[in-house]
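User: I would like to learn how to read strand pairing and aromatic contacts in a model. Could you take me through them step by step?

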Amino acid sequence: MRFSANVEKLKPSATIAVSTLAKKLAADGRDIINLSAGEPDFDTPAFIAEAGKAAISEGRTRYTPTAGIPELRVAIAERLSDRSGRAMDPDGVVVTTGAKQALFNAIFTLFGPGDEVLVAAPYWTTYPDLIKIARAEPIEVFGRQSNDFKVTPADLDQSVTDATRGLIINTPCNPTGAVYSEDELCELAKWCRERGVWLLSDEIYRHIYHEGEGAAPGILSLAPGTLGPHVLIDGASKSFAMTGWRIGFTYADTEVTKKFSALQSQITSNAATPSQFAALSAFTEKDSVGSALASMGQAFARRRELVCRLMDELLPGVPFIRPSGAFYLFFCVEDLFDEEITSATQWCSQLLQEKGVALVPGAAFGDDRWVRMSFASSDEVIEEAFMRISSAQ
Ligand code: PLP
């Protein structure tokens with residue numbers, strides 16, 4: 001069958017594909033440990049879920065303005081003001097159907113044929129595909145492993161051309177868990193500003209931060225004047241355990257925001273109305289959200305320690321990135337290859353078939369020598385997964 005050039009290079013999300021296969025094997029009766037999914041294992045905090053239910057009961061089930069209910073845009077801008085220490089404009093916020101749509105709006109609005117977009121690698125699997133949907137060219141830029149794969153201006157210098165229009169970074173990073181410091185963000189922001197390159201910063205895991213109090217550094221904490229053209233991508237999915245509610249947002253200049261909103265008005269209109277009211281409680285009920293974030297954050301931080309300890313004990317010598325944020329462990333299985341198994345894709349497939357453990361091969365993130373394990377699971381499940389992985393070696 002012939003399809004349009006828009007989707008010619010499109011493939012389904014690799015991470016969702018692994019997770020779907022693992023679920024199918026489990027449904028067939030296999031004993032599967034699925035550590036491939038990219039979502040918190042916690043239920044949405046009750047006060048948020050109740051706000052969503054109340055919205056439905058009270059008949060808040062009609063269309064809203066495309067960019068979101070005004071009170072949610074105000075609440076998001078207020079939380080962003082807390083981050084930046086200066087007043088952020090509610091007119092710069094567009095509420096989207098998950099951060100994925102926030103990224104789509106930004107990429108499709110800002111880039112097109114002939115444009116090159118630098119993507120800090122290893123990257124979340126969706127970025128290059130969204131860039132291809134916009135018919136622009138994704139250019140992978142790998143940071144050094146010794147720098148936890150974070151990119152620096154020197155790395156970007158190697159890949160910049162006259163066609164470079166954007167840079168996408170993700171901090172905390174999926175799949176590595178690496179977090180850019182404020183100084184590192186400042187360097188990247190300057191590099192982009194000096195070249196008129198759009199900086200798209202995906203900070204969806206910002207509240208899942210294991211190094212110290214509060215959230216990870218983000219581009220809005222940079223001093224005014226540091227940033228050139230930029231878009232912040234964020235949302236409720238990961239921080240508030242709300243993946244199924246589908247609430248994300250962008251924050252950008254108000255002119256750009258109008259274009260994002262116009263695009264969205266032709267595609268999906270507003271994000272689901274009850275979900276917006278649920279998110280409103282997450283962005284306004286500071287005490288309740290504070291304790292929910294603290295308890296989920298403590299669990300993730302404890303599991304971070306657990307997976308790092310288990311790597312040392314059960315897979316000694318296997319290189320891994322110690323995650324500073326998010327809930328992923330990225331480790332290199334290249335030394336475990338043999339004559340038959342020569343890629344992480346094959347390694348993961350064998351592990352799933354023989355040991356019933358589902359991980360995501362690094363091909364999904366740009367380097368098929370590495371694999372990603374989600375540690376959004378109970379300690380017992382994580383321990384059992386490590387036992388099975390080590391018994392496979
Ligand atoms: N950005 C990153 C880095 C992600 O890992 C994900 C989901 O896995 C998203 C964005 C999409 O988030 P949402 O579920 O809100 O669309």
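Analyst: Let us begin with pairing: two strands count as paired if DSSP finds at least two bridges between them. Bear in mind throughout that this is a predicted model. Here strand S3 (residues 116-121) and S5 run parallel and are joined by four bridges, and within this pairing Glu116 stands opposite Thr164 in S5.

User: What unit do S5, helix H7 and S6 make?

Analyst: A crossover is called right-handed if, with the strands pointing away from the viewer, the path from the first strand over the helix to the second runs clockwise. In this case S5, helix H7 (residues 182-195) and S6 form a β-α-β unit that is right-handed.

User: Why is strand S5 described as largely enclosed by the rest of the structure?

Analyst: A residue is taken as buried when its relative accessible area is under 20%. Strand S5 spans residues 164-170, and because six of its seven residues are buried, the strand is largely enclosed by the rest of the structure.

User: Turning to the rings, how many aromatic pairs does a search of the whole structure find, and why is the pair of Trp124 and Tyr127 called edge-to-face?

Analyst: The search finds 14 aromatic pairs. For the angle between ring planes, over 60 degrees counts as edge-to-face; the planes of Trp124 and Tyr127 lie at 80°, with the ring centres 5.6 Å apart, and the pair is therefore edge-to-face. Trp124 is buried at a relative accessible area of 16%, and Tyr127 is buried at 1%.

A further edge-to-face pair is that of Phe330 and Phe365, with 6.1 Å from centre to centre and 85° between the planes. Phe330 belongs to strand S10 (residues 328-332), whereas Phe365 sits in the loop between strand S12 (360-361) and strand S13 (370-374), so the pair ties together parts that are 35 residues apart in sequence. Phe330 is buried, with a relative accessible area of 0%, and Phe365 is buried, also with a value of 0%.

User: Which residues do ring pairs link into a cluster, and where does Arg60 lie?

Analyst: The cluster consists of Phe42, Tyr205, Phe300, Phe327 and Tyr328, linked through ring pairs. Arg60, for its part, lies over the face of Phe277, at 4.8 Å from the ring centre.

Definitions and conventions: Residues are numbered from 1 along each chain as its sequence is written. This is a predicted model: local features need pLDDT of at least 70, side-chain atom pairs count only at pLDDT 80 or more; totals for chains, interfaces and linings use all residues. Side-chain values use heavy atoms; hydrogens and water are left out. Buried means under 20% relative accessible area, exposed over 50%, partly exposed in between (1.4 Å probe, protein chains only). Helices (H or I, at least four residues) and strands (E, at least two) are DSSP runs, numbered from the N terminus. Rings of Phe, Tyr and Trp (its six-membered ring) pair if their centres lie within 6.5 Å; planes under 30 degrees apart count as stacked, over 60 as edge-to-face and the rest as tilted. A charge sits over a ring if NZ of Lys or CZ of Arg is within 6 Å of the ring centre and within 35 degrees of the ring normal.
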